[in-house]
Amino acid sequence: MKTLDPGVARVLKRLHYPREVILTCVRWYVAYPLSLRHLEEMMAERGIAVDHSTVHRWAIKLLPVLEKAFRRCKRVVGKSGRMDETYVKIRGEWKYLYRAVDKEGNTVDFLLRARRNKAAAQRYFEKSIQQNGVPETVTIDKSGANLAALHAVNAERDTLIKIRQVKYLNNVIEQDHRAIERIIRPMLGFKDFRCARVILSGIEINGMNASHP
């Protein structure tokens, strides 16, 4: 059996349930378009009694440490990125998930923000650069906020990031948004920002892991 990351193992030990069941439920929740009640029913069919609220609690506790473990061994992505944002409903209001993929379709990084503006886009770029290094080229749509954010990032650098604003080149990231939207649709929105951030991070990390077997 593959050795678990120590941080993941500590969280699993505190949850007092067979780790195979916990890991299976959490992975299915972020990998497939399933609601928590779907998972409760699927476990019941296998003779395992798990309340849907328990699965949610497992996900909130486990996904942050899984993300940390994954990022320590995350593979290098390409130097040409396509960046865009998609909408996520939290407590009935639209929030914004900033995301980018490289030209091969691999997820570069992601960031959930309450507002869609220059500051939010700049924070995404700063996080992405810190985690993945400086890209050579970033393609965006006609968003003025994203363009202003990239100019602000370039103002702090000696070697400038090349900026392209070409709508059709961003088709790959728009297609990738649909994969995220398909998984969160059965969740029927998020109750608070923190839970949304944790669950969306889990979905993104699972997608990254699936693309790098």
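Reader: Is His16 buried or exposed?

Author: His16 counts as exposed, since its relative accessibility is 68%. Buried means under 20% relative accessible area, exposed over 50%, and partly exposed in between, with a 1.4 Å probe and protein chains only. The model is predicted, with local features needing pLDDT of at least 70 and side-chain atom pairs counting only at pLDDT 80 or more, while totals for chains, interfaces and linings use all residues. Residues are numbered from 1 along each chain as its sequence is written, and side-chain values use heavy atoms, leaving out hydrogens and water.

Reader: Where does His16 sit, and what is the phi of His16?

Author: Most residues other than glycine have a negative phi. His16 has a positive phi, near 55°, and is not a glycine. His16 lies in the loop between helix H1 (6–15) and H2. Helices (H or I, at least four residues) and strands (E, at least two) are DSSP runs, numbered from the N terminus.

Reader: What is the phi of Leu188, and where is Leu188 placed?

Author: Leu188 also has a positive phi, near 60°, in a residue other than glycine. Leu188 belongs to the loop between helix H7 (171–184) and helix H8 (193–211). Leu188 is exposed, because its relative accessible area is 74%.

Reader: Which residues of H2 and H3 meet?

Author: Val21, Cys25, Trp28 and Tyr29 of H2 meet Leu36, Leu39, Met42 and Met43 of H3, contact being heavy atoms within 4.5 Å. These residues divide into eight nonpolar, no polar and no charged. Ala, Val, Leu, Ile, Met, Phe, Trp, Tyr, Cys and Pro count as nonpolar, Asp, Glu, Lys and Arg as charged, and the others, Gly among them, as polar.

Reader: At what angle do H3 and H4 cross?

Author: The axes of helix H3 (residues 36–45) and helix H4 (residues 52–72) cross at roughly 110° and come within 8 Å. H3 is therefore roughly perpendicular to H4. H3 passes H4 in a right-handed crossing. On the H3 side, Leu36, Arg37, Leu39 and Glu40 meet His52, Val55 and His56 of H4. This contact divides into three nonpolar, two polar and two charged residues.

Reader: How many disulfides are there?

Author: A disulfide is a pair of cysteine sulfur atoms within 2.5 Å. The whole structure has zero disulfides. For Cys25, the nearest cysteine sulfur is that of Cys195, 17 Å away. Cys25 counts as buried because its relative accessibility is 0%, whereas Cys73 is exposed, at 56% relative accessible area.

Reader: Which residues does Thr137 touch?

Author: Leaving out residues up to four places away in sequence, Thr137 touches Lys79, Ser80, Gly81, Ile161, Lys162 and Arg164. Thr137 is found in strand S4 (residues 137–140) and counts as buried, at 12% relative accessibility. Its C-alpha atom is separated by 29 Å from that of Trp94, 43 residues apart along the chain.

How values were computed. Axes are lines fitted to C-alpha atoms, for helices over the stretch in contact, and angles run from 0 to 180 degrees between N-to-C directions. Angles under 35 degrees count as roughly parallel, over 145 as roughly antiparallel, 65 to 115 as roughly perpendicular and the rest as oblique. A crossing is left-handed if the near helix is turned anticlockwise from the far one by less than a right angle, and right-handed if clockwise.
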